[in-house]
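Walk me through how the parts of this protein model meet. Start inside one chain, then move to the contact between chains.

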Amino acid sequence: MKTAKKGDWVQIEEIVLPAGHRAPQVPEDTQKCDLKLWVKGVLQADAELGDEVEIKTVTGRTAKGTLCEINPRYVHDYGNFQPELLQVELQLKEILFGGDE
Amino acid sequence: MALDKSYEAINSRKHDIIKNAMRIDYDEFEYEGIGFDYEGMMKKVGYSMDEMRKIQLEHGVGDTPLIELKNLTALARKYAPAGKGARIFIKDEAANASGSFKARRASISVHHAKKLGYKGVIAATSGNYGAAVASQAAMHGLKCIVVQECYDDRKVGQPEILEKQRICEAYGAEVVQLTVGPELFTTHLSLLEDTGYFNASLYTPFGIAGVETLGYEIAQQCRERLGKDPDVVICTDAGGGNLTGTARGLLKAGAQGTKVYGACIDLSGLHMASDKDFNKKSCTTGHTGFGLPFVTWPDRSDCPRNAARTLRYMDRLVTVKQGEVFYITQALAVLEGYERGPAGNTSLTAAFALAQEMDQDQILIVQETEYTGAGKHVMPQMTFARENGIEIKFGEPDTEVPGKSLVFPENPGQIKARDYDLEHARQSYIKNCVNNYHMTAASEEDVKFIMDEIRKDRDYVVAQLKQRGVTVK
C-alpha cells in the first residue's frame, strides 16, 4: 500500500543536519552523510509515501517529515543458523561431560 | 519567534537547557580550579541506600539472584594451574524489570523526575538504559522519549539496537532514531527544550547512586551464603556508571577488601562516529570505544559533571575479544542453562580467564546479566556481521581484527583477559586535565582533586604535572 489514511500508524524521515553542516569533530565519511532522523506516530491527514506530512507521536508531540513507512514492522529476528555455535556447544559438552557416554 | 535549531545555536544554549531539565545546580559543587566536590555532589543530590532500596523494590528492581556458575568454574579449572580456579558467581540482573541492571539507574532517575513534577523523561541511549527508562516511566505514568543512534546512512541498523527500539516502544515510549554521529546529543537537547521533560541522563548523581544497591546486595548475599566478602567483582565497562556505582555500593557495605575490575571488548581501530565503521561492530556497548575515553576523561557526557568516575574505583582493567564473548555467551547457555547477553557477558568472559589466576577458594563475582531476545542474541549478531563482510572463523583470539574478523577460540583455554595499563590511563587523565583546562599552574586544591580522581599520591601527581609544563603553586 502506497497511500496512508489519516489516523494510520506511520514512520517519517527528517533531515536534521544536511551533509557539510555536521559537527566539526565528525570523521570524513560521516561528514558526507545527512544526519537523518526517524520517528513514528499517527498520521494527521491522508498522504502518499514520499509526501511531507505531520504526525502525532505517542507522547503527543507533533513532528513533520517525509512519509517513509506505513504500519512499520520490526525486521529483526534470530538470524540464520550459525555453525560455529553448534561446534562450540558440542566441544564444550565433550570437554566437560565427555560426549555421549 | 521560533528558536534557532542549528547545531551551533542549540549547543550555545546547552547550559540553560540542562539546568532546566535537571534542576541540579552543578556550579554549587565547583572549585575554583579544575576540580569539584564529587562526594558533596553525590551526598546532596543522591539518595540514601535505604531510600533507594525501597524505591527500587517497589518498582520491580533489585534483590536479583546470585548464581554460582559451577560448570563454567569446572571448565575454567581444566585450564588453570593446580589449586587455581576461583568460584565464579553471576548476579542475574536480567531479573530486574526491563531485563538489565540499567533499571537500577532508571528507577532512581524516574522517581526523581516524578518527585520534581516533570511530565516526562528523555534519555539518549541505544542500549538497555532506554528500555529501563521506558519501563520505569510506564510505572510512574510519565511520558518517555528515547533518542537512539541507530542506523547508518543506508538505514541499516544493528539488530541489537533494533530490538531496543522495539522494547522501548513496547513500554509505551516514543523512540527517535538517528543516523551515526555525536550530534545525537544536540537532538537530545532540542527535545528537552521543546518538551520541558526531565533529562534522565545516565550520568547524573542519582543515576549512578542507583547502581550502588547492586554492589551493596552483592556484599550482603556473599556474606549470607559464603560467610565472606567477594575477592573480586568484575564489571563490563562502557560509560563507567556500572563500575562506579557497584564499587561505591561495595564500599558502603563495608567490603573494603574487595577488588573491582573493569572489562571491555577490544574494538581498537574502529571509529565510533564513522558511518562506515558503525555496522562493523558486533556489540553496541561494553567496548573500548566507549570505555577508554570515559576512563581517561569522564566529563564528556550530557551532564556538566559526570557522576561515573572509574579511575577512583578501578583496580584493574582488562580487554577481551568479540569472538571470545560470543563463545562464552554460548557456554553460559549450554553449560549453565542461562540464555543472556551477549554484550553483558563481556565481564563474564574476562572472569572465565581471571578465575584461572585466582585460588580455588576465592570468590569472583560477575555483577550483571542482561535479557536476550530477537536481535539481541549471538545468532542474529553473527548473521549481521557476515552480511557486513566480517569473516568468522576459529583461531587464536589475538588474531581478531575489529571490523574485519570475529575469531572464536579453538578451545576455551585460549580465552584471555588482557591487561590495559592503568598507569597509562592515569597519565592520559592528567594530560586531559592539562589540555582541556589549558593548565599552566595548579593549586594545592587542583593537585588534591587529581590525587582523588586517580588514586595516586601527591608526589606522583606533581611530577606528572611538572612533566607537562604545569607549575604547582
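Domain 1 and domain 2 of chain B bury about 1400 Å² between them, and 53% of that area is on carbon and sulfur atoms. Buried area here is the accessible area (1.4 Å probe) that two parts lose on being put together, summed over both. On the domain 1 side, B:W297, B:L311 and B:R312 lose the most area to domain 2 of chain B. Together they make up 51% of what that side buries.

The model is predicted: local features need pLDDT of at least 70, side-chain atom pairs count only at pLDDT 80 or more, and totals for chains, interfaces and linings use all residues. Residues are numbered from 1 along each chain as its sequence is written, chains are lettered from A and ligands numbered from 1 in the order in which they are written, and side-chain values use heavy atoms, with hydrogens and water left out.

Where do the domains of chain B lie? Domain 1 covers 58-97 + 208-420, and domain 2 covers 422-472. These bounds come from an automatic or database domain assignment. The two centres, taken over C-alpha atoms, are 30 Å apart. Contact (heavy atoms within 4.5 Å) links 14 residues of domain 1 of chain B with 15 residues of domain 2 of chain B.

Three salt bridges are found between domain 1 and domain 2 of chain B. A salt bridge is a side-chain nitrogen of Lys or Arg within 4 Å of a carboxyl oxygen of Asp or Glu. B:R309 and B:E453 form a salt bridge through their side chains, at 2.8 Å, N to O. By class, the domain 1 side that touches domain 2 of chain B has eight nonpolar, one polar and five charged residues. Ala, Val, Leu, Ile, Met, Phe, Trp, Tyr, Cys and Pro count as nonpolar, Asp, Glu, Lys and Arg as charged, and the others, Gly among them, as polar.

Now turn to the two chains. Here 60 residues of chain B are in contact with 45 residues of chain A. The chains bury about 4600 Å² between them, 63% of it on carbon and sulfur atoms. Six salt bridges are counted between chain B and chain A. The side chains of A:K40 and B:E169 meet in a salt bridge, at 2.9 Å, N to O. The side of chain B that touches chain A divides into 31 nonpolar, 16 polar and 13 charged residues.
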